[in-house]
Amino acid sequence: MTTPSDAHHAGEGDMSSIPGTTRRTALTVLGATTVGASLMGGGPVGAAQAAGTTHLRLRFSDANGNAMGLAAVRSIQSHGLGEVGYDDALLDSSTLEVVAIAPLYQDESGAISLDAPTGRSCTLTMSWPTSHGYSALMVDLPASGEVEVMEAAARSLHSRQEARAAGVSDAALASARATTGAELTACQKAASATQRGAHAVRALESASTAQLALDGALSTTAPGDSVLGVTFTRPPSSAEASGLAGRLGGAGRTAVRIVVEDPGDAAAMAQWRGAVTTLQAQGIRVVGQICDSRIMAGLDDAAWDRRVSTLLTGLPGLETWEIGNELGGNWLGASPLPRIIRAAKAVRQRTKATTLLTLYYQLGLDSAEHSVFNTARAVAASELAGLVDVVGLSVYPQWHPLGTAADRVLSALAATFPKARTAVTELGYGGPSLSGPWWFGSKTDVAAGRRAVIDHITKAALGRPGAWGAPFWWYYLEDEAPGAVGGPVQPTLARLKPA
(Lines give C-alpha, C1' and ligand atoms only; values in the text may rest on other atoms or scores of the structure.)
Protein backbone atom coordinates (compact mmCIF):
# COMPACT_ATOMS: atom_id res chain seq x y z
CA MET A 1 0.00 0.00 0.00
CA THR A 2 1.83 3.08 -1.23
CA THR A 3 1.66 5.87 -3.74
CA PRO A 4 2.27 5.07 -7.41
CA SER A 5 5.85 6.29 -7.11
CA ASP A 6 6.87 3.58 -4.70
CA ALA A 7 4.45 1.01 -6.12
CA HIS A 8 3.26 -1.58 -3.67
CA HIS A 9 -0.42 -2.38 -4.16
CA ALA A 10 -2.07 -1.73 -7.49
CA GLY A 11 -5.17 -0.68 -5.60
CA GLU A 12 -3.42 1.79 -3.36
CA GLY A 13 -2.58 4.80 -5.44
CA ASP A 14 -2.28 8.42 -4.46
CA MET A 15 -5.85 9.63 -4.88
CA SER A 16 -4.74 13.25 -4.75
CA SER A 17 -2.62 12.68 -7.86
CA ILE A 18 -5.62 11.57 -9.93
CA PRO A 19 -7.79 14.70 -10.25
CA GLY A 20 -11.51 14.20 -10.42
CA THR A 21 -11.47 10.58 -9.34
CA THR A 22 -13.19 8.95 -6.45
CA ARG A 23 -11.62 6.09 -4.50
CA ARG A 24 -13.51 3.62 -6.69
CA THR A 25 -12.41 5.15 -9.98
CA ALA A 26 -8.87 5.65 -8.70
CA LEU A 27 -8.64 1.92 -8.17
CA THR A 28 -9.99 1.33 -11.66
CA VAL A 29 -7.47 3.75 -13.16
CA LEU A 30 -4.72 1.83 -11.39
CA GLY A 31 -5.81 -1.51 -12.84
CA ALA A 32 -8.74 -2.77 -10.78
CA THR A 33 -11.65 -3.86 -12.97
CA THR A 34 -13.78 -5.91 -10.65
CA VAL A 35 -15.73 -3.53 -8.43
CA GLY A 36 -18.97 -5.28 -7.54
CA ALA A 37 -17.71 -8.77 -8.27
CA SER A 38 -18.20 -11.05 -5.30
CA LEU A 39 -15.43 -12.83 -3.45
CA MET A 40 -16.84 -16.12 -4.67
CA GLY A 41 -17.36 -14.88 -8.22
CA GLY A 42 -21.16 -14.63 -8.01
CA GLY A 43 -23.56 -11.88 -6.96
CA PRO A 44 -22.77 -9.07 -4.56
CA VAL A 45 -22.15 -9.73 -0.90
CA GLY A 46 -23.70 -7.31 1.59
CA ALA A 47 -26.02 -6.85 4.50
CA ALA A 48 -29.65 -6.90 3.43
CA GLN A 49 -31.43 -3.67 4.35
CA ALA A 50 -34.60 -4.10 6.37
CA ALA A 51 -37.84 -3.06 4.73
CA GLY A 52 -38.85 0.43 5.80
CA THR A 53 -36.68 3.27 7.05
CA THR A 54 -36.75 5.92 9.76
CA HIS A 55 -35.69 9.48 8.98
CA LEU A 56 -33.05 10.90 11.34
CA ARG A 57 -31.81 14.49 11.42
CA LEU A 58 -28.19 15.09 12.41
CA ARG A 59 -26.59 18.13 14.02
CA PHE A 60 -22.83 18.51 13.59
CA SER A 61 -21.42 21.14 15.95
CA ASP A 62 -18.28 23.19 15.48
CA ALA A 63 -15.96 24.09 18.37
CA ASN A 64 -18.26 26.93 19.43
CA GLY A 65 -21.33 24.73 19.37
CA ASN A 66 -22.79 26.19 16.20
CA ALA A 67 -24.49 23.84 13.76
CA MET A 68 -22.59 23.18 10.53
CA GLY A 69 -24.10 22.75 7.10
CA LEU A 70 -23.47 19.72 4.93
CA ALA A 71 -20.80 21.49 2.86
CA ALA A 72 -18.77 22.28 5.99
CA VAL A 73 -19.17 18.72 7.26
CA ARG A 74 -18.06 17.32 3.92
CA SER A 75 -15.00 19.56 3.91
CA ILE A 76 -13.92 18.34 7.35
CA GLN A 77 -14.80 14.72 6.61
CA SER A 78 -12.68 14.69 3.45
CA HIS A 79 -9.92 16.92 4.87
CA GLY A 80 -10.72 19.35 2.08
CA LEU A 81 -10.20 16.79 -0.67
CA GLY A 82 -13.79 16.76 -1.88
CA GLU A 83 -15.80 13.83 -3.16
CA VAL A 84 -12.93 11.34 -3.09
CA GLY A 85 -12.93 11.71 0.68
CA TYR A 86 -16.65 11.16 1.29
CA ASP A 87 -16.54 7.89 3.22
CA ASP A 88 -19.71 7.96 5.34
CA ALA A 89 -21.45 4.61 5.73
CA LEU A 90 -24.24 3.13 7.79
CA LEU A 91 -23.13 0.02 9.66
CA ASP A 92 -24.83 -2.71 11.61
CA SER A 93 -23.98 -1.75 15.19
CA SER A 94 -23.08 -5.29 16.19
CA THR A 95 -21.21 -6.72 13.22
CA LEU A 96 -20.03 -3.45 11.59
CA GLU A 97 -21.18 -4.73 8.21
CA VAL A 98 -22.22 -1.99 5.80
CA VAL A 99 -25.96 -1.42 5.54
CA ALA A 100 -25.71 1.62 3.25
CA ILE A 101 -22.92 3.57 1.57
CA ALA A 102 -23.09 7.40 1.54
CA PRO A 103 -26.24 7.75 3.67
CA LEU A 104 -25.83 11.47 4.47
CA TYR A 105 -27.91 13.98 2.55
CA GLN A 106 -29.59 17.35 2.97
CA ASP A 107 -33.36 17.08 3.29
CA GLU A 108 -36.01 19.55 2.10
CA SER A 109 -35.66 21.64 5.26
CA GLY A 110 -31.89 21.96 4.79
CA ALA A 111 -31.06 19.61 7.66
CA ILE A 112 -28.35 16.96 7.38
CA SER A 113 -30.21 13.66 7.38
CA LEU A 114 -30.06 9.93 6.86
CA ASP A 115 -32.60 7.14 6.61
CA ALA A 116 -31.90 4.14 8.84
CA PRO A 117 -33.60 0.74 8.52
CA THR A 118 -36.49 0.49 10.93
CA GLY A 119 -35.98 -2.07 13.69
CA ARG A 120 -32.22 -2.40 13.19
CA SER A 121 -29.46 -0.99 15.40
CA CYS A 122 -27.21 1.08 13.16
CA THR A 123 -24.03 3.09 13.51
CA LEU A 124 -22.90 5.97 11.34
CA THR A 125 -19.20 5.96 10.51
CA MET A 126 -17.12 8.59 8.72
CA SER A 127 -13.67 10.11 8.94
CA TRP A 128 -13.54 12.87 11.55
CA PRO A 129 -10.74 14.66 13.40
CA THR A 130 -9.93 15.46 16.98
CA SER A 131 -6.64 16.95 18.15
CA HIS A 132 -5.13 13.45 17.82
CA GLY A 133 -5.85 13.21 14.11
CA TYR A 134 -8.50 11.52 12.02
CA SER A 135 -10.42 8.49 13.27
CA ALA A 136 -13.26 6.40 11.94
CA LEU A 137 -15.98 8.15 13.93
CA MET A 138 -18.56 5.68 15.25
CA VAL A 139 -21.97 7.17 16.08
CA ASP A 140 -24.50 4.72 17.50
CA LEU A 141 -27.87 6.01 16.30
CA PRO A 142 -31.16 6.16 18.18
CA ALA A 143 -34.28 4.54 16.78
CA SER A 144 -35.73 7.94 15.86
CA GLY A 145 -35.43 11.68 16.36
CA GLU A 146 -32.61 14.19 16.12
CA VAL A 147 -28.98 13.41 16.85
CA GLU A 148 -26.25 15.69 18.19
CA VAL A 149 -23.49 13.81 16.37
CA MET A 150 -20.52 14.84 18.49
CA GLU A 151 -22.40 13.96 21.68
CA ALA A 152 -23.60 10.61 20.32
CA ALA A 153 -20.07 9.73 19.18
CA ALA A 154 -18.67 10.64 22.61
CA ARG A 155 -21.34 8.55 24.34
CA SER A 156 -20.60 5.62 22.04
CA LEU A 157 -16.92 5.73 22.97
CA HIS A 158 -17.51 6.41 26.66
CA SER A 159 -19.99 3.59 27.17
CA ARG A 160 -17.87 1.04 25.30
CA GLN A 161 -14.82 1.94 27.37
CA GLU A 162 -16.51 0.99 30.63
CA ALA A 163 -15.94 -2.76 30.56
CA ARG A 164 -12.43 -2.59 29.11
CA ALA A 165 -11.38 0.13 31.57
CA ALA A 166 -12.54 -1.78 34.65
CA GLY A 167 -9.55 -2.56 36.81
CA VAL A 168 -7.12 -0.52 34.69
CA SER A 169 -5.04 1.87 36.79
CA ASP A 170 -4.02 4.74 34.55
CA ALA A 171 -4.15 8.38 35.63
CA ALA A 172 -4.52 9.80 32.12
CA LEU A 173 -7.36 7.40 31.36
CA ALA A 174 -9.18 8.17 34.60
CA SER A 175 -8.85 11.91 34.08
CA ALA A 176 -10.08 11.82 30.50
CA ARG A 177 -13.04 9.61 31.38
CA ALA A 178 -13.99 11.92 34.24
CA THR A 179 -13.89 14.90 31.89
CA THR A 180 -15.98 13.04 29.33
CA GLY A 181 -18.59 12.19 31.95
CA ALA A 182 -18.79 15.79 33.10
CA GLU A 183 -19.16 17.14 29.58
CA LEU A 184 -21.85 14.59 28.72
CA THR A 185 -23.76 15.58 31.84
CA ALA A 186 -23.41 19.20 30.79
CA CYS A 187 -24.86 18.30 27.39
CA GLN A 188 -28.03 17.08 29.07
CA LYS A 189 -28.32 20.24 31.18
CA ALA A 190 -27.45 22.73 28.46
CA ALA A 191 -29.86 25.64 28.05
CA SER A 192 -29.49 25.83 24.28
CA ALA A 193 -28.49 23.73 21.28
CA THR A 194 -25.37 25.86 20.92
CA GLN A 195 -24.27 25.24 24.49
CA ARG A 196 -25.01 21.56 24.10
CA GLY A 197 -22.99 21.44 20.91
CA ALA A 198 -19.95 23.07 22.54
CA HIS A 199 -20.05 20.57 25.41
CA ALA A 200 -20.49 17.76 22.88
CA VAL A 201 -17.33 18.73 20.97
CA ARG A 202 -15.36 18.81 24.21
CA ALA A 203 -16.85 15.46 25.23
CA LEU A 204 -15.71 13.88 21.98
CA GLU A 205 -12.21 15.25 22.45
CA SER A 206 -11.90 13.85 25.98
CA ALA A 207 -13.53 10.53 25.03
CA SER A 208 -10.98 10.20 22.21
CA THR A 209 -8.14 10.97 24.63
CA ALA A 210 -9.50 8.33 26.98
CA GLN A 211 -9.75 5.73 24.21
CA LEU A 212 -6.15 6.21 23.13
CA ALA A 213 -5.03 6.02 26.76
CA LEU A 214 -7.06 2.85 27.28
CA ASP A 215 -5.61 1.24 24.15
CA GLY A 216 -2.14 2.03 25.44
CA ALA A 217 -2.76 0.80 28.96
CA LEU A 218 -4.18 -2.53 27.80
CA SER A 219 -1.10 -3.30 25.69
CA THR A 220 0.59 -4.60 28.85
CA THR A 221 -1.87 -7.51 28.78
CA ALA A 222 -0.55 -8.85 25.45
CA PRO A 223 -0.55 -12.68 25.35
CA GLY A 224 2.82 -14.23 26.19
CA ASP A 225 3.30 -15.66 22.72
CA SER A 226 2.27 -12.58 20.73
CA VAL A 227 4.86 -11.10 18.39
CA LEU A 228 6.17 -7.77 17.21
CA GLY A 229 6.41 -8.08 13.43
CA VAL A 230 7.95 -6.30 10.46
CA THR A 231 7.78 -6.93 6.72
CA PHE A 232 10.70 -7.56 4.36
CA THR A 233 9.73 -6.64 0.80
CA ARG A 234 13.07 -7.82 -0.61
CA PRO A 235 15.78 -10.23 0.53
CA PRO A 236 17.61 -8.44 3.37
CA SER A 237 21.32 -7.83 3.57
CA SER A 238 23.29 -9.72 6.19
CA ALA A 239 23.39 -6.60 8.37
CA GLU A 240 19.62 -6.11 8.09
CA ALA A 241 18.84 -9.70 9.10
CA SER A 242 21.52 -10.29 11.72
CA GLY A 243 20.66 -9.38 15.29
CA LEU A 244 17.12 -8.34 14.39
CA ALA A 245 15.48 -10.16 17.31
CA GLY A 246 17.67 -8.23 19.74
CA ARG A 247 16.68 -4.95 18.11
CA LEU A 248 12.95 -5.70 18.20
CA GLY A 249 10.82 -8.05 20.30
CA GLY A 250 13.45 -10.61 21.30
CA ALA A 251 13.67 -14.34 20.65
CA GLY A 252 10.22 -15.89 20.44
CA ARG A 253 8.53 -12.48 20.33
CA THR A 254 9.66 -11.24 16.90
CA ALA A 255 8.25 -12.13 13.48
CA VAL A 256 9.23 -11.22 9.93
CA ARG A 257 6.85 -11.45 7.00
CA ILE A 258 8.67 -12.04 3.72
CA VAL A 259 7.17 -10.87 0.43
CA VAL A 260 8.48 -12.96 -2.46
CA GLU A 261 8.06 -11.23 -5.79
CA ASP A 262 8.88 -14.17 -8.07
CA PRO A 263 9.27 -17.67 -6.61
CA GLY A 264 10.62 -18.78 -10.00
CA ASP A 265 13.69 -16.56 -9.58
CA ALA A 266 16.27 -19.10 -8.36
CA ALA A 267 18.81 -16.49 -7.25
CA ALA A 268 16.24 -14.54 -5.22
CA MET A 269 14.89 -17.72 -3.65
CA ALA A 270 18.40 -18.69 -2.59
CA GLN A 271 18.74 -15.28 -0.93
CA TRP A 272 15.41 -15.76 0.83
CA ARG A 273 16.43 -19.19 2.13
CA GLY A 274 19.63 -17.73 3.53
CA ALA A 275 17.68 -14.94 5.21
CA VAL A 276 15.19 -17.42 6.69
CA THR A 277 18.05 -19.44 8.18
CA THR A 278 19.56 -16.30 9.74
CA LEU A 279 16.22 -15.16 11.14
CA GLN A 280 15.10 -18.51 12.53
CA ALA A 281 18.49 -18.96 14.24
CA GLN A 282 17.56 -15.91 16.32
CA GLY A 283 14.22 -17.37 17.38
CA ILE A 284 12.31 -15.21 14.90
CA ARG A 285 9.04 -16.51 13.47
CA VAL A 286 9.04 -16.24 9.68
CA VAL A 287 5.77 -15.60 7.85
CA GLY A 288 5.80 -16.41 4.14
CA GLN A 289 3.36 -14.50 1.95
CA ILE A 290 1.85 -16.62 -0.81
CA CYS A 291 1.03 -13.65 -3.03
CA ASP A 292 0.95 -9.91 -2.54
CA SER A 293 -2.45 -8.47 -3.39
CA ARG A 294 -1.15 -6.36 -6.29
CA ILE A 295 -0.01 -9.50 -8.15
CA MET A 296 -3.03 -11.73 -7.62
CA ALA A 297 -5.30 -10.53 -10.44
CA GLY A 298 -2.51 -11.03 -12.96
CA LEU A 299 -2.34 -14.77 -12.30
CA ASP A 300 -4.67 -17.34 -13.81
CA ASP A 301 -5.68 -20.35 -11.72
CA ALA A 302 -2.88 -22.54 -13.02
CA ALA A 303 -0.26 -19.88 -12.33
CA TRP A 304 -1.67 -19.37 -8.85
CA ASP A 305 -1.45 -23.07 -8.02
CA ARG A 306 2.10 -23.27 -9.40
CA ARG A 307 3.07 -20.30 -7.26
CA VAL A 308 1.68 -21.95 -4.12
CA SER A 309 3.47 -25.22 -4.83
CA THR A 310 6.78 -23.55 -5.72
CA LEU A 311 6.80 -21.49 -2.53
CA LEU A 312 5.95 -24.39 -0.24
CA THR A 313 8.69 -26.46 -1.87
CA GLY A 314 11.26 -23.68 -2.01
CA LEU A 315 10.77 -22.34 1.49
CA PRO A 316 10.14 -25.35 3.75
CA GLY A 317 9.96 -25.03 7.48
CA LEU A 318 8.33 -21.61 7.77
CA GLU A 319 6.29 -21.17 10.92
CA THR A 320 3.41 -19.31 9.23
CA TRP A 321 2.01 -18.83 5.73
CA GLU A 322 -0.13 -15.84 4.79
CA ILE A 323 -2.50 -17.60 2.44
CA GLY A 324 -4.34 -14.41 1.38
CA ASN A 325 -3.28 -10.77 1.37
CA GLU A 326 -5.72 -7.85 1.60
CA LEU A 327 -8.81 -9.89 0.80
CA GLY A 328 -11.63 -7.44 0.16
CA GLY A 329 -9.53 -5.12 -1.99
CA ASN A 330 -11.36 -4.77 -5.28
CA TRP A 331 -8.19 -5.17 -7.33
CA LEU A 332 -7.73 -8.89 -6.46
CA GLY A 333 -9.75 -10.23 -9.37
CA ALA A 334 -13.20 -11.70 -9.78
CA SER A 335 -12.94 -14.79 -7.54
CA PRO A 336 -10.12 -14.59 -4.99
CA LEU A 337 -11.70 -16.71 -2.27
CA PRO A 338 -11.53 -20.12 -4.03
CA ARG A 339 -7.85 -19.55 -4.73
CA ILE A 340 -7.14 -18.68 -1.13
CA ILE A 341 -9.00 -21.79 0.00
CA ARG A 342 -6.79 -23.92 -2.25
CA ALA A 343 -3.68 -22.26 -0.83
CA ALA A 344 -4.87 -22.88 2.73
CA LYS A 345 -5.51 -26.54 1.98
CA ALA A 346 -2.06 -26.92 0.44
CA VAL A 347 -0.44 -25.40 3.53
CA ARG A 348 -2.46 -27.70 5.77
CA GLN A 349 -1.59 -30.79 3.72
CA ARG A 350 2.09 -30.09 3.11
CA THR A 351 3.28 -28.23 6.21
CA LYS A 352 2.74 -27.80 9.92
CA ALA A 353 2.60 -24.02 9.57
CA THR A 354 0.04 -21.66 11.01
CA THR A 355 -2.28 -20.16 8.39
CA LEU A 356 -2.83 -16.42 8.29
CA LEU A 357 -5.42 -14.42 6.34
CA THR A 358 -5.13 -10.65 5.94
CA LEU A 359 -8.27 -8.59 5.25
CA TYR A 360 -8.13 -5.10 3.74
CA TYR A 361 -9.42 -2.51 6.21
CA GLN A 362 -11.82 0.06 4.83
CA LEU A 363 -15.38 0.83 5.80
CA GLY A 364 -17.04 3.32 3.45
CA LEU A 365 -14.93 4.15 0.39
CA ASP A 366 -16.08 1.31 -1.83
CA SER A 367 -19.13 -0.88 -2.35
CA ALA A 368 -20.66 -2.63 0.64
CA GLU A 369 -19.28 -5.92 -0.64
CA HIS A 370 -15.71 -4.67 -0.32
CA SER A 371 -16.12 -3.18 3.16
CA VAL A 372 -14.01 -5.15 5.60
CA PHE A 373 -16.77 -6.74 7.66
CA ASN A 374 -18.90 -7.66 4.67
CA THR A 375 -15.80 -9.42 3.37
CA ALA A 376 -15.26 -10.98 6.79
CA ARG A 377 -18.81 -12.33 6.83
CA ALA A 378 -18.32 -13.93 3.41
CA VAL A 379 -15.16 -15.62 4.68
CA ALA A 380 -16.81 -16.73 7.94
CA ALA A 381 -19.60 -18.38 5.95
CA SER A 382 -17.15 -20.20 3.67
CA GLU A 383 -14.92 -23.24 3.88
CA LEU A 384 -11.98 -20.94 4.51
CA ALA A 385 -13.13 -20.14 8.05
CA GLY A 386 -12.11 -23.61 9.22
CA LEU A 387 -8.71 -23.39 7.54
CA VAL A 388 -7.45 -20.12 9.09
CA ASP A 389 -5.61 -19.84 12.40
CA VAL A 390 -5.03 -16.06 12.41
CA VAL A 391 -7.09 -13.27 10.84
CA GLY A 392 -5.34 -9.94 10.48
CA LEU A 393 -6.02 -6.50 9.05
CA SER A 394 -4.05 -4.46 6.56
CA VAL A 395 -4.32 -0.87 7.81
CA TYR A 396 -3.20 2.33 6.08
CA PRO A 397 -4.70 5.19 8.14
CA GLN A 398 -3.88 7.96 5.66
CA TRP A 399 -6.26 6.20 3.24
CA HIS A 400 -8.75 4.72 5.71
CA PRO A 401 -8.63 6.25 9.20
CA LEU A 402 -8.94 3.94 12.20
CA GLY A 403 -7.82 5.83 15.33
CA THR A 404 -10.29 5.66 18.18
CA ALA A 405 -12.30 2.96 16.38
CA ALA A 406 -9.41 0.48 16.59
CA ASP A 407 -10.67 -1.34 19.67
CA ARG A 408 -14.21 -1.64 18.31
CA VAL A 409 -13.01 -2.82 14.90
CA LEU A 410 -10.63 -5.41 16.35
CA SER A 411 -13.28 -6.62 18.79
CA ALA A 412 -15.73 -7.08 15.91
CA LEU A 413 -13.06 -9.00 14.01
CA ALA A 414 -12.56 -11.34 16.95
CA ALA A 415 -16.31 -11.86 17.25
CA THR A 416 -16.58 -12.71 13.56
CA PHE A 417 -13.84 -15.34 13.84
CA PRO A 418 -14.19 -16.78 17.35
CA LYS A 419 -11.90 -19.76 16.62
CA ALA A 420 -9.04 -17.68 15.18
CA ARG A 421 -6.56 -15.27 16.72
CA THR A 422 -6.53 -11.65 15.60
CA ALA A 423 -3.74 -9.33 14.51
CA VAL A 424 -2.70 -6.33 12.49
CA THR A 425 -0.63 -8.03 9.81
CA GLU A 426 0.18 -5.06 7.62
CA LEU A 427 0.58 -1.42 8.55
CA GLY A 428 1.94 1.59 6.77
CA TYR A 429 1.69 5.35 6.89
CA GLY A 430 3.35 8.03 4.86
CA GLY A 431 5.48 6.15 2.37
CA PRO A 432 8.01 8.61 0.97
CA SER A 433 5.62 11.46 1.84
CA LEU A 434 2.33 11.98 3.61
CA SER A 435 0.24 11.83 0.45
CA GLY A 436 -3.09 10.44 1.66
CA PRO A 437 -6.09 12.58 2.56
CA TRP A 438 -6.10 11.95 6.31
CA TRP A 439 -3.51 12.44 9.02
CA PHE A 440 -2.87 11.00 12.48
CA GLY A 441 -0.43 12.21 15.12
CA SER A 442 0.77 15.23 13.16
CA LYS A 443 -0.66 17.23 10.27
CA THR A 444 2.74 18.02 8.80
CA ASP A 445 5.48 15.86 10.34
CA VAL A 446 5.68 12.47 8.59
CA ALA A 447 8.02 11.01 11.20
CA ALA A 448 5.79 12.06 14.10
CA GLY A 449 2.75 10.70 12.31
CA ARG A 450 4.44 7.36 11.70
CA ARG A 451 5.48 7.10 15.34
CA ALA A 452 1.95 7.87 16.50
CA VAL A 453 0.38 5.36 14.07
CA ILE A 454 2.80 2.57 14.97
CA ASP A 455 2.48 3.23 18.69
CA HIS A 456 -1.29 3.35 18.80
CA ILE A 457 -2.26 0.59 16.39
CA THR A 458 0.33 -1.84 17.71
CA LYS A 459 -0.83 -1.30 21.28
CA ALA A 460 -4.50 -1.58 20.32
CA ALA A 461 -3.83 -4.80 18.40
CA LEU A 462 -1.79 -6.52 21.11
CA GLY A 463 -3.81 -5.51 24.15
CA ARG A 464 -6.63 -8.03 23.85
CA PRO A 465 -7.28 -11.73 24.45
CA GLY A 466 -6.14 -13.86 21.55
CA ALA A 467 -3.88 -11.18 20.07
CA TRP A 468 -1.33 -12.78 17.73
CA GLY A 469 0.85 -9.93 16.54
CA ALA A 470 1.39 -6.46 15.07
CA PRO A 471 2.22 -4.28 13.15
CA PHE A 472 4.25 -5.97 10.35
CA TRP A 473 5.31 -2.52 9.14
CA TRP A 474 5.41 -2.59 5.34
CA TYR A 475 8.13 0.01 4.87
CA TYR A 476 10.57 -1.42 7.40
CA LEU A 477 13.61 -1.94 5.17
CA GLU A 478 13.02 1.33 3.34
CA ASP A 479 12.65 3.31 6.56
CA GLU A 480 15.82 1.85 8.07
CA ALA A 481 17.92 2.83 5.04
CA PRO A 482 20.29 5.78 5.59
CA GLY A 483 18.65 9.06 4.68
CA ALA A 484 15.12 7.68 4.55
CA VAL A 485 12.39 10.33 4.66
CA GLY A 486 11.16 10.62 8.22
CA GLY A 487 13.97 8.52 9.63
CA PRO A 488 13.92 4.97 11.02
CA VAL A 489 10.91 3.39 12.72
CA GLN A 490 12.93 0.76 14.58
CA PRO A 491 13.26 2.78 17.83
CA THR A 492 9.47 3.13 17.99
CA LEU A 493 8.96 -0.56 17.30
CA ALA A 494 11.55 -1.59 19.89
CA ARG A 495 9.76 0.40 22.59
CA LEU A 496 6.63 -1.63 21.89
CA LYS A 497 8.21 -4.98 22.78
CA PRO A 498 5.44 -7.19 24.24
CA ALA A 499 5.65 -7.59 28.01
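Predicted model: local features only at pLDDT ≥ 70, side-chain atom pairs only at ≥ 80, totals over all residues.
Gln282 counts as buried, because its relative accessibility is 17% and the term applies to values under 20%.

**Gln282 and its surroundings**
- Gln282 is placed in the loop that lies between α8 (266-280) and β11 (285-289).
- Leaving aside residues up to four places away in sequence, Gln282 touches Ala241, Ser242, Gly243, Leu244, Ala245 and Ala251.

- Strands of a sheet pair through backbone hydrogen bonds, and they may do so in either a parallel or an antiparallel way.
- Here, 4 strands form an open sheet with mixed pairing, and their order is β4-β5-β1-β8.
- β4 (105-106) and β8 (145-148) each have a single partner strand, so they stand at the edges and one side of each is left without a neighbour in the sheet.
- The pairing of β8 with β1 (residues 53-59) is parallel and involves 4 bridges, and within this pairing Leu58 stands opposite Val147 of β8.

**The hairpin of β6 and β7**
- Strand β6 (residues 122-130) runs antiparallel to β7, and 8 bridges join the two.
- The hairpin that leads from β6 to β7 passes through 2 residues, while Thr130 stands opposite Gly133 in β7.
- Strand β7 (residues 133-140) is largely enclosed by the rest of the structure, because 7 of its 8 residues are buried.

Note on methods. Residues numbered from 1 in each chain as written. Heavy atoms only, no water. Pairing = 2+ DSSP bridges. Buried < 20%, exposed > 50% of the residue type's maximum accessible area, 1.4 Å probe, protein only. Contact = heavy atoms within 4.5 Å.
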